[in-house]
Amino acid sequence: MPDLLIELFSEEIPARMQAKAAADLRKLVTDGMVDAGLTYAGARAFSTPRRLALVVEGLAASSPTVREERKGPRTDAPEKAIEGFLRGAGVSRDELDVRDDKKGQVYFATIVRPGRPAAEIVAETLEKTIRNFPWPKSMRWGAGSLRWVRPLHSIICLLSDESGANVVELDIDGIKSGDVTKGHRFMGPEAFRVSGFEDYETKLKRSKVILGADERAEMIWHDATNMAFAAGLEVVEDRGLLQEVAGLVEWPVVLMGQIDEEFLELPPEVLQTSMKEHQKFFSVRNPSTGRIERFITVANRETKDHGATILAGNQKVLSARLADAKFFWENDLRIAKDQKMQPWLDSLSNVTFHNKLGSQRDRIDRIAALAGALARKTGADTASAVKAAQIAKADLSSEMVYEFPELQGLMGRYYASAAGFAEDVANACESHYQPLGPSDDVPTQAVSATVALADKLDTLTGFWIIDEKPTGSKDPFALRRAALGVIRIILSNNIRMNLDQFIDSQLLKHEIQSNRHGATEQELSALNDTLEEIADHGVFGAAFRLVLDKLEGKDDAPDTGEGSVLRTVADQVPDVSTDLMAFFHDRLKVYLRDQGLRHDVIDACLAMPGYDDLALLVRRAKALSETLKTDDGENLIQAFKRANNILTQAEEKDGVEYSFGADVKFAETDAERALFAALDNADTAIAPAMEAEDFVSAMSAMADLRGPVDAFFEAVQINSDNQMVRRNRLNLLTRIRQTCLSVADLSKIEG
Amino acid sequence: MAEESSKPRSFQEIILRLQTYWAEKGCAVLQPYDMEVGAGTFHPATTLRSLGSKPWAAAYVQPSRRPTDGRYGENPNRLQHYYQYQVLIKPSPPDLQELYLGSLAAIGIDMDLHDIRFVEDDWESPTLGAWGLGWEVWCDGMEVSQFTYFQQVGGHDCHPVSGELTYGLERLAMYVLGIDHVMDMPYNDPQTPIALSYGDVFRQTEQEYSRWNFDVANTGVLLKQFEEAEAECEKILSEDHIDPKTGKHIIMAHPAYDQCIKASHLFNLLDARGVISVTERQAYIGRVRALAKQCADAFVQTEAGGATIARAGEG
């Protein structure tokens with residue numbers, strides 16, 4: 001069982017691509033060999049800045065010989081058919097067998113595919129892998145046309161077993177495979193030969209190359225934490241950075257340096273970001289003060305001065321960088337303190353948010369108005385919510401955020417505090433971006449939650465109205481994330497609001513803005529009136545009709561005919577609104593499914609009033625879900641379905657609706673009478689419970705019907721010969737249905 | 001020690017050593033292009049010569065102007081006028097990284113004491129319609145050069161590929177010489193009778209140009225000049241390839257490209273004056289790119305661009 005060693009040695013591979021490239025190499029080579037019939041026991045891939053390596057252990061010496069028997073035409077088939085069969089099978093006529101079949105004598109061919117030696121398969125697979133490697137970006141170099149991530153210099157392709165090692169011959173655009181590689185660029189530059197994986201790994205280490213990225217990362221983390229600990233400090237953990245740094249060095253040497261005193265007053269996040277983004281330094285924190293006081297850099301080599309020159313150089317570069325950051329910070333603070341960030345807000349008028357959705361300033365104005373309206377629902381102080389929305393994005397114009405976009409929001413909080421805004425207003429600058437992902441925290445302060453909701457709703461309605469919705473895996477504006485954010489903010493803060501109304505009015509606001517130059521004054525005023533009506537009375541359709549009614553007969557009434565601005569808006573808004581609401585419901589189902597709530601349970605509740613009041617909807621769904629888990633609940637569903645089925649069939653057959661009129665005086669059995677009594681009790685209990693949104697009580701009252709309903713079905717034949725009795729029983733079934741449906745649409749429940 | 005004596009003592013010595021080094025490695029040492037450009041890449045010895053199949057090897061200093069970077073000579077690192085050292089070799093040789101490292105050694109960077117790293121940095125010039133893959137080269141965490149394998153220039157695929165090295169001379173020299181403020185850097189040998197610092201040579205001009213760039217440059221004139229350069233570039237390229245006077249086949253790729261360079265620099269000046277809005281910016285860049293592309297189209301039809309020219313009268 002030979003082992004295979006592959007090394008692809010190139011100029012420096014971008015750190016961010018190395019891990020995936022190693023995994024791709026392993027997958028492509030092993031898949032390719034297995035497809036060709038070559039089995040193996042195990043495979044491991046490695047990457048350093050200058051090489052990808054793969055070791056495959058326990059490789060079969062050759063692929064097995066494969067015999068395939070193929071059935072052909074009958075012996076008396078036309079000559080053409082037989083010739084065709086011979087061609088297809090690649091055999092001659094005298095190699096054919098003749099066998100008896102149900103229909104007569106039939107030709108059989110045995111096709112033998114002889115096994116191929118491993119070397120042949122490996123060479124073929126590796127060449128194909130190199131030529132089709134899925135680099136995120138690849139390039140040509142010199143006069144050649146081969147593509148690789150950076151110029152490829154040499155290839156090791158070696159099969160080795162007890163008897164020795166053999167190079168698998170390969171020539172890719174002039175790069176010939178061999179058994180030679182090089183060590184560290186500076187500390188072990190001489191070429192050397194290897195005889196197998198162990199030899200390769202050992203000699204690399206001797207030439208100052210640690211082959212495994214994980215091993216390098218471990219070394220770095222180990223040395224860094226030790227060094228910080230010895231100084232009474234701790235390294236700020238950053239796995240992404242650790243992985244990246246491990247991809248920048250073949251021989252990691254950890255060095256710890258000082259940050260100049262004059263920079264220690266910068267916000268820790270600024271220090272951390274500047275050091276990470278520009279220099280790929282780790283931050284070292286004083287655990288007692290939380291201040292970042294030192295940095296850790298990872299050099300790629302040892303030096304005779306033990307890194308003194310390297311550290312001094314890095315420290316100098318850092319000082320220059322931090323001098324820039326300090327300059328930005330001080331300039332920004334001045335604008336925040338002296339001018340309350342106003343110049344930034346002014347300049348946002350010149351920054352396009354999206355060419356169909358206006359400038360950042362337009363957007364801020366919309367969000368602020370919406371935040372004001374939402375404040376009534378979220379319990380936030382209206383003035384604070386509006387103020388917070390107005391300044392929440394001011395930092396986008398600051399010098400610091402221009403330099404470090406990832407500090408947006410955070411700098412906003414610092415600057416808003418410096419400008420003297422209240423704490424909850426300042427906090428909203430940062431937390432209105434939250435939640436940034438499914439695991440990120442949801443803003444809980446009322447002002448933050450309000451601005452966060454307004455921001456996300458404005459974004460969603462905006463992209464919906466210009467028809468830039470997410471499709472498949474494409475969601476360039478992170479709209480799924482925004483919708484999930486809205487859902488999580490509403491649910492975790494238990495915000496009671498009819499989402500529909502806010503969607504409609506925000507859609508209309510986008511329409512008003514996009515029509516502000518094309519529409520007449522009357523048209524705009526009609527749309528603005530509609531906006532006010534929505535705020536007072538609910539959804540777009542009703543509000544718009546109200547406005548049109550008022551305008552009717554007036555001389556200056558705007559055109560509402562086909563193709564007019566008003567008609568177009570009136571046609572568009574309801575459809576877009578419905579579509580966006582459905583999107584919210586889809587996201588809600590996905591979100592609740594992860595929490596163990598079935599989609600059919602949600603569907604059963606969506607059919608009830610308040611479908612756009614997500615907090616209510618979810619409470620209803622949770623209560624229903626719990627009820628369905630009980631024995632009574634589960635059985636009641638079956639009984640409900642039975643009642644429903646019998647009713648539906650009878651109504652279809654008789655052509656009438658058995659919708660009311662069940663009367664206890666026509667009851668013939670105790671079971672019937674008991675059911676009447678139970679339904680009366682249930683209705684008495686359910687109605688006020690629903691009124692009070694006490695779904696648990698309502699559903700438990702409903703589940704209590706299980707006994708009487710079961711007993712009823714047990715004791716009574718619905719289809720009595722007495723038509724009066726039959727009708728009464730069917731009407732009784734209707735009462736079961738109605739009582740159940742008053743809680744949720746149980747017909748949507750599956751199973 | 002030999003190492004000590006090999007330390008350069010001035011800005012100009014570093015330039016001279018680079019010139020000598022690359023001359024020894026076979027590059028034609030060219031002189032700066034006589035026009036205002038934003039970077040050494042704009043020199044036709046790079047932009048145009050990276051196109052077509054003909055081998056090429058050139059090295060040169062290029063004064064570069066970035067009006068928005070002016071700081072009145074006060075910032076320790078930022079200048080509106082600075083020098084780039086540029087090397088372009090086509091096809092890129094297999095040992096270009098080693099050649100490059102040799103040039104660092106030549107200017108006195110002791111490879112045994114420093115940490116040199118090739119860190120991913122892909123290069124793109126939207127105004128030139130050009131891009132390439134490569135690295136920024138770090139020395140002890142400081143970017144000292146840009147190293148790029150050109151893949152496309154002026155919208156044309158590069159075949160063969162050129163390897164391009166760009167050294168930011170002031171920053172590199174400050175590092176090698178251990179200087180903290182660019183204006184304090186010795187320009188010539190500090191031991192000579194008339195020792196000049198970088199500040200002696202450039203402080204005043206930095207002030208003058210900063211003022212002019214930011215506040216005085218006549219934007220109306222600049223806008224007009226931009227339009228004129230654009231029109232002139234297109235006109236030059238639309239001329240008949242056969243010169244009516246001499247009867248020779250002459251495509252005026254270089255004169256047209258001069259106008260493209262002009263337009264590009266005028267755009268930079270307008271940008272520094274703050275009269276170009278965010279949306280207009282893209283449009284201006286697109287206009288310069290269109291010129292660069294037309295010049296590239298023209299150059300590849302010339303002899304230097306690798307075309308086999310059927311001369312008038314021969315065909």
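Helices here are DSSP runs of H or I with at least four residues, strands are runs of E with at least two, and both are numbered from the N terminus. H8(A) provides the largest share of that side, 8 residues. Sorted by class, the side of chain A that touches chain B holds 15 nonpolar, 13 polar and 14 charged residues. Nonpolar covers Ala, Val, Leu, Ile, Met, Phe, Trp, Tyr, Cys and Pro; charged covers Asp, Glu, Lys and Arg; the others, Gly among them, are polar.

Before going on, the conventions. This is a predicted model, where local features need pLDDT of at least 70, side-chain atom pairs count only at pLDDT 80 or more, and totals for chains, interfaces and linings use all residues. Residues are numbered from 1 along each chain as its sequence is written, chains are lettered from A and ligands numbered from 1 in the order in which they are written, and side-chain values use heavy atoms, with hydrogens and water left out.

Back to the chain interface. The contact, meaning heavy atoms within 4.5 Å, takes 42 residues from chain A and 41 residues from chain B. Chain A and chain B bury about 3300 Å² between them, 51% of it on carbon and sulfur atoms. Buried area is the accessible area (1.4 Å probe) that two parts lose on being put together, summed over both. In chain A, the residues losing the most area to chain B are A:Arg140, A:Arg150 and A:Phe186, together 18% of what that side buries.

There are 5 salt bridges across the interface of chain A and chain B, each a side-chain nitrogen of Lys or Arg within 4 Å of a carboxyl oxygen of Asp or Glu. A:Lys316 forms a salt bridge with B:Asp180, with the closest N and O atoms 3.3 Å apart.

Next, inside chain A. Domain 1 (3–62 + 117–206) and domain 3 (213–337) are among the domains assigned to chain A; the bounds come from an automatic or database domain assignment. Their C-alpha centres lie 35 Å apart. In this pair, 14 residues of domain 1 are in contact with 13 residues of domain 3, and the two bury about 1100 Å² between them. The count of salt bridges between domain 1 and domain 3 of chain A is 2.

Finally, the backbone. The peptide bond from A:Gln434 to A:Pro435 is cis, with omega near -5 degrees, and A:Pro435 lies in the loop between helix H14 (423–431) and helix H15 (446–465) of chain A.

Buried or exposed, A:His306? A:His306 counts as exposed, at 71% relative accessibility, whereas A:Met341 counts as buried, at 0%. Buried is under 20% relative accessible area, exposed over 50%, partly exposed in between (1.4 Å probe, protein chains only). A:His306 sits in the loop between S16 and H8 of chain A.
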